[in-house]
Amino acid sequence: ASLMIALLTESKTYNAGIGAIQYVYGTMTIPNYYASGNYDLQHWLSVSANSSVISQALSSGGIPSTVYYWDTNMDRVWVKATINGTEYMFDPAFKKYGDTTGIDVKSAML
C-alpha cells in the first residue's frame with residue numbers, strides 16, 4: 001500500500017486526473033478457499049484448502065487474524081484514490097498466486 005501511494009503521488013505530477021490518495025484501514029472478511037476466481041486465502045498464501053493450515057500460515061507470519069471454518073477476519077490496509085473524479089479502492093497486497101512449471105536453466109542457455 002505504501003509503495004502504491006508513493007507511485008500514485010509521484011504520478012500526480014504528470015497526470016492531472018489523479019486526485020486524493022489515502023490509506024484505508026479496516027477489517028476484511030476473506031474466504032478461506034473455494035472463492036470465485038480463486039480470490040481466497042488458500043490461493044493468496046499458496047497453501048492447502050484447510051482452515052487449520054491457513055491459521056498456521058497467518059500466525060507463523062505474525063499476521064493477527066481470526067480464522068473460522070469458511071472465512072477469516074483480519075485487519076488490513078488498502079488504498080483509496082480519486083482518478084478522473086471517480087473514487088477507487090485498491091488492495092495491492094491481495095492477489096492470487098499460481099504455480100508454474102520451471103525451466104531447466106542449463107538447457108535454456110545452450
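Good morning. Let me start with the ground rules. This is a predicted model, in which local features need pLDDT of at least 70 and side-chain atom pairs count only at pLDDT 80 or more, while totals for chains, interfaces and linings use all residues. Residues are numbered from 1 along each chain as its sequence is written, and side-chain values use heavy atoms, with hydrogens and water left out.

Confidence next. pLDDT is the predictor's confidence in each residue, from 0 to 100. The mean for the protein is 91, and 97% of its residues reach 70 or more. Confidence is highest in strand β2 (residues 65–67), at 97. It is lowest in α4, at a mean of 88. A note on those labels: helices (H or I, at least four residues) and strands (E, at least two) are DSSP runs, numbered from the N terminus.

Now the charged pairs. How many salt bridges does a search of the whole structure find? It finds 2. The cut-off is a side-chain nitrogen of Lys or Arg within 4 Å of a carboxyl oxygen of Asp or Glu. In general, side chains of opposite charge can pair when their charged atoms come close.

Take Asp91 and Arg76. Their side chains meet in a salt bridge at 2.6 Å, N to O. Asp91 lies in the loop between β4 (86–90) and α4 (105–109), and Arg76 in strand β3 (residues 71–83), so the pair ties together parts that are 15 residues apart in sequence. Is Arg76 buried or exposed? Arg76 is buried, with a relative accessible area of 10%. For the terms: buried means under 20% relative accessible area, exposed over 50%, and partly exposed in between, with a 1.4 Å probe and protein chains only.

Then there is Glu87 with Lys80. Their side chains form a salt bridge too, at 3.9 Å, N to O.

On to polar contacts. The term covers a pair of N or O atoms within 3.5 Å; within protein, one must be able to donate a hydrogen and the other to accept it, and residues adjacent in sequence count only if both atoms are side-chain atoms. His43 sits in helix α2 (residues 41–45). It is buried, at 19% relative accessible area. Its side chain has a polar contact of 2.6 Å with that of Asp40. Thr72 is in strand β3. Thr72 is buried as well, at 0%. Its side chain joins that of Asn32 through a polar contact of 2.6 Å.

Now the rings. The search of the whole structure gives 5 aromatic pairs. Rings of Phe, Tyr and Trp (its six-membered ring) pair if their centres lie within 6.5 Å; planes under 30 degrees apart count as stacked, over 60 as edge-to-face and the rest as tilted. What kind of pair do Tyr33 and Tyr34 make? Their ring centres are 5.1 Å apart and their planes stand at 70°, so the pair is edge-to-face. Tyr33 is buried, at 6% relative accessibility. Tyr34 is exposed, at 64%.

Tyr34 is in the loop between β1 and α2. Its phi is near 60°, a positive value in a residue other than glycine. Most residues other than glycine have a negative phi. Asn84 also has a positive phi, about 50°, and is not a glycine. Asn84 lies in the loop between β3 and β4. It is exposed, at 62% relative accessibility.

Out to the surface. Tyr23, Tyr25 and Val77 form a nonpolar patch there, with about 340 Å² of accessible area together. Patches are made of residues with over 30% relative accessible area and no salt bridge: like charges are joined within 9 Å, nonpolar side chains (Val, Leu, Ile, Met, Phe, Trp, Tyr) within 5 Å. The areas come from the Shrake-Rupley method with a 1.4 Å probe, and for residues, only the protein chains shown count as cover. Tyr25 belongs to strand β1 (residues 18–31). Tyr25 is exposed, at 60%.

Two last distances. Tyr68 is in the loop between β2 and β3 and is partly exposed, at 44%. Asp75, in strand β3, is partly exposed at 43%. Its C-alpha is 7.2 Å from that of Ser65, 10 residues away along the chain.

Thank you.
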